[in-house]
Amino acid sequence: MHASPLPPPIWVENHQAMKTMLVDLLSQPLVAVDTESNSLYAYKEQVCLIQFSTPDRDYLVDPLALIDLSALGEVFADEKIEKIFHAAEYDIICLKRDYHYCFRNIFDTMHASRILGRSEIGLADLLSTRYGLIVEKRLQRANWGMRPLSSEMLYYARLDTHYLIDLRNQLRKELIDNGLLELAEEDFFRLTQANIPNGENDNLSCWRMIGRNTLPSAQCAVLQALIEYRDAQARKANLPHFKIISNQALIEIAQASPTNVADLDNIASLSKRQSSRHAYGLLQAVNQGLNNRPPARPASRRPDDGILARIDTLKKWRKVTARGLQVESDIVLPRDIAEQIAYANPTSLDQLQALMKTTPWRFQRYGEQILEILMNGH
């Protein structure tokens, strides 16, 4: 990583520093934002660092030291301040989950790059191409919950926002020159509406685990007991599930349903250390699962054939249209909007316009085409 020619970022870990920063942020028309979380190191992920940049300063806010971060909500909700993110959705979901902020007026440099048909859209690639900076990508996986943060981590964190305002200015001009700013703005608004995923119980169902369809239903009961055992251990150790035992190992244990330590030791995806540490608990979970009824499958929500046919028709149209524009299919029509249209099966432009109320640019450009392919079935 290049040595930083920049002045040190301002570390914000107390009320006075927060107050001073807020005065600055609330006076700005453009503020760059990023967050760092600890999903690879904790049972329950949390935001561990919030970065802000203005044209003159870089701030690093320490949520682990500050008890009350509610005042930042004023910045995120202020329509007059454009908040610039790179790959906004994850940051917005994390900030909504931890602090219940409301978001208005954002710009996403990654999404702008996608709309412009760029192939390299990662921030490290953009910083390298446009500013000649080399960023250590491995720090994406660093433990942001540790304190103190190393000087290398601090430099990496500030780079995530330091150049975003200038990058936004370049990309905004390109969007305007290509007649795509309105399209980008409707997607930026949609990003502010990003929903927090369902509760953790969804992650504790064996039916949601990839690979479980190789198991007969009796062994799904074993898998469910193993998932619940692993969750209890992860919660106790404050570690993510994969750091206790991998999904693959749980599936192999359920498949073999071992009844003794020797059989457990034969599970290829289970390390000797894991087997030694968890032998009793895993064997107990297997025994419990063998005596349990298989968990109830979630109700099937398979759409009817007409809906599936319309989804397929819209997918094909999106792909062809996107290829002509040299962009990804969802830039032409987001998947959730395509599915809503397929389910509702509109028969007039007015009905279609109501379904596309959050994507008016796309309705103006593609509405008649969409209605025609729905009416004709191709």
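User: What do buried, partly exposed and exposed mean here?
Analyst: Buried means under 20% relative accessible area, exposed means over 50%, and partly exposed lies in between. The model is a predicted one.

User: Ok, so is Ala262 buried, exposed or partly exposed?
Analyst: Ala262 has a relative accessible area of 49%, so by those cut-offs Ala262 is partly exposed.

User: Which helix is Ala262 in?
Analyst: Ala262 sits in helix H11, which covers residues 261-264.

User: How far is Ala262 from Ser275?
Analyst: Their C-alpha atoms are 9.9 Å apart in space, and the two residues are 13 apart in sequence.

User: Switching to the whole chain. How many helices and strands?
Analyst: The protein chain has 17 helices and 6 strands. Its C-alpha atoms fill a box of roughly 65 × 60 × 35 Å along the principal axes.

User: And what share of the residues is buried?
Analyst: Of the 378 residues in the protein chain, 47% are buried.

User: What about contacts, how many join residues at least 24 apart?
Analyst: 65%, counting contacts between residues at least 6 apart in sequence.

User: Now H13. What span should that helix have?
Analyst: H13 runs over residues 305-325, and at 1.5 Å a residue its 21 residues should span 30 Å. The end C-alpha atoms are 30 Å apart, which agrees.

User: Which residues of H13 are buried?
Analyst: Ile307, Arg310, Ile311, Thr313, Leu314, Trp317, Arg318, Thr321 and Ala322.

User: Where do they fall, seen down the axis?
Analyst: The buried residues of H13 fall within an arc of 165°, so they line one face of the helix. In general, an α-helix has 3.6 residues a turn, so residues three or four places apart point the same way.

User: What covers that buried side?
Analyst: The cover of the buried residues of H13 includes helix H14 (329-332), helix H15 (335-344) and helix H17 (360-376).

User: And which exposed residues are on the face turned away?
Analyst: That face of H13 carries Asp305, Lys316, Lys319, Val320 and Arg323.

User: Last topic, the second largest pocket. What volume?
Analyst: About 610 Å³. The second largest pocket is lined by 29 residues, and the closest to its centre are Thr35, Glu36, Gln140, Tyr156 and Asp160.

User: Which element gives the most to that lining?
Analyst: Strand S2 does, with 5 residues. S2 (30-37), helix H3 (88-99), helix H5 (123-131) and helix H6 (151-162) each supply at least two.

User: How does the lining split by class?
Analyst: The lining of the second largest pocket has 15 nonpolar, 7 polar and 7 charged residues.

Key. Residues are numbered from 1 along each chain as its sequence is written. This is a predicted model: local features need pLDDT of at least 70, side-chain atom pairs count only at pLDDT 80 or more; totals for chains, interfaces and linings use all residues. Side-chain values use heavy atoms; hydrogens and water are left out. On a 1 Å grid over the protein atoms alone, a cavity is a set of points where a 1.4 Å probe fits but cannot get out, and a pocket is an open set with protein on both sides within 12 Å along at least five of seven lines; lining residues have an atom within 4 Å of a point. Grid points are joined across faces, edges and corners, and a volume is the space filled by probe spheres set on the points. Helices (H or I, at least four residues) and strands (E, at least two) are DSSP runs, numbered from the N terminus. Ala, Val, Leu, Ile, Met, Phe, Trp, Tyr, Cys and Pro count as nonpolar, Asp, Glu, Lys and Arg as charged, and the others, Gly among them, as polar. The expected span of a helix is 1.5 Å times one less than its number of residues. Buried means under 20% relative accessible area, exposed over 50%, partly exposed in between (1.4 Å probe, protein chains only). The arc is that of the directions from the helix axis to the C-beta atoms. Contact means heavy atoms within 4.5 Å.
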